[in-house]
Amino acid sequence: MLEPASHAAVDLLPIADEFDVLPEARVVEGLGFIELSRVALAADSRLLQVIRRAANDRFSAVERRRRRDDAPAAESQVRRVSRPLYQVKAEFFKTLGHPARIRVLELLSERDHSVAEILADVGIEATSLSQQLAVLRKSGLVATRKQGSTVIYSLTSPDITELLRVARTILTGMLSGQVELLEDLQEPLAAPQPDR
């Protein structure tokens with residue numbers, strides 16, 4: 001049976017619809033009516049108050065949970081956006097600022113390696129290698145996968161291999177310029193001519 005919804009029931013419609021607070025009531029769209037199976041909601045103001053309070057409590061709890069869950073993500077997103085690109089780049093290059101990390105990336109640019117293979121090639125203590133691999137993992141430059149009990153490391157992007165190649169090219173150019181300067185310095189100086 002359909003009855004016109006009272007003012008109080010109309011206020012409750014969005015809450016009832018969104019949170020399924022009234023399983024025994026169904027909103028008839030476009031008509032502003034509520035079909036009640038056993039309860040005449042508009043007639044019983046005490047029931048309306050209890051349901052409204054329950055809906056508000058549930059809404060508040062849901063809203064608090066949503067805000068709590070969204071807050072860290074929103075804050076980190078604001079932090080990421082508010083940091084200048086040059087700072088992000090500096091942090092990226094800082095990650096590359098350890099010889100063991102560079103060597104690990106060079107090895108992984110050739111192929112994927114297990115920790116034991118990396119340890120043998122890098123030549124540092126296992127605990128130190130573990131720390132360096134953790135820095136590379138945290139920065140997102142390397143990824144891991146398990147093959148049985150073996151942990152295999154790989155690069156997350158082929159661009160890292162390209163970055164290492166470009167760095168080698170830059171360093172080669174810089175060092176060749178220094179070699180030329182060294183050769184110039186090693187040439188004997190001509191004896192000064194006496195003044196006439």
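Which residues in α4 meet which residues in α5? The legends below start with an overview of this predicted model and then get to that contact.

**Figure 1. The whole chain, a predicted model.** We're looking at seven helices and six strands. Reading from the N terminus, the elements go β-α-β-β-α-α-α-β-α-α-β-β-α. The chain has 196 residues, and 20% of them are buried. If you take the contacts between residues at least 6 apart in sequence, 52% of them join residues at least 24 apart.

**Figure 2. Close-up of α4 against α5.** Here's the answer to the opening question: Ala100, Arg103, Val104, Leu107 and Leu108 are the α4 side, and they meet Ile118, Asp121 and Val122 of α5. Sorted by class, the residues of this contact come out as six nonpolar, two charged and no polar. Helix α4 covers residues 99–110 and helix α5 covers residues 115–122; their axes sit 10 Å apart, at an angle of about 125°. That angle makes α4 oblique to α5. As for handedness, the α4 and α5 crossing is right-handed.

**Figure 3. Close-up of α5 against α6.** Moving along to the next pair, α5 brings Val115, Ile118 and Leu119, which meet Ala126, Leu129 and Leu133 of α6. The class count for this contact is six nonpolar residues, with no polar and no charged ones. The axes of α5 and α6 are 10 Å apart, and the packing angle is about 110°. The two helices are therefore roughly perpendicular to each other. Their crossing is right-handed. Keep an eye on Ile118 in α5: it's in the contact with α4, and it's in the contact with α6 as well.

Figure 4. Leaving aside residues up to four places away in sequence, glutamine 132 touches His98, Ala100, Arg101 and Ile124. One of these, Ala100, also turned up on the α4 side of the α4 and α5 contact.

Figure 5. The partners are phenylalanine 92 and phenylalanine 93, with ring centres 5.3 Å apart. Their planes lie at 75°, so this is an edge-to-face pair; the cut-off for that label is over 60 degrees. Phenylalanine 92 has 32% relative accessibility, so this residue counts as partly exposed.

Notes:
Residues are numbered from 1 along each chain as its sequence is written. This is a predicted model: local features need pLDDT of at least 70, side-chain atom pairs count only at pLDDT 80 or more; totals for chains, interfaces and linings use all residues. Side-chain values use heavy atoms; hydrogens and water are left out. Rings of Phe, Tyr and Trp (its six-membered ring) pair if their centres lie within 6.5 Å; planes under 30 degrees apart count as stacked, over 60 as edge-to-face and the rest as tilted. Buried means under 20% relative accessible area, exposed over 50%, partly exposed in between (1.4 Å probe, protein chains only). Axes are lines fitted to C-alpha atoms, for helices over the stretch in contact, and angles run from 0 to 180 degrees between N-to-C directions. Helices (H or I, at least four residues) and strands (E, at least two) are DSSP runs, numbered from the N terminus. Angles under 35 degrees count as roughly parallel, over 145 as roughly antiparallel, 65 to 115 as roughly perpendicular and the rest as oblique. A crossing is left-handed if the near helix is turned anticlockwise from the far one by less than a right angle, and right-handed if clockwise. Contact means heavy atoms within 4.5 Å. Ala, Val, Leu, Ile, Met, Phe, Trp, Tyr, Cys and Pro count as nonpolar, Asp, Glu, Lys and Arg as charged, and the others, Gly among them, as polar.
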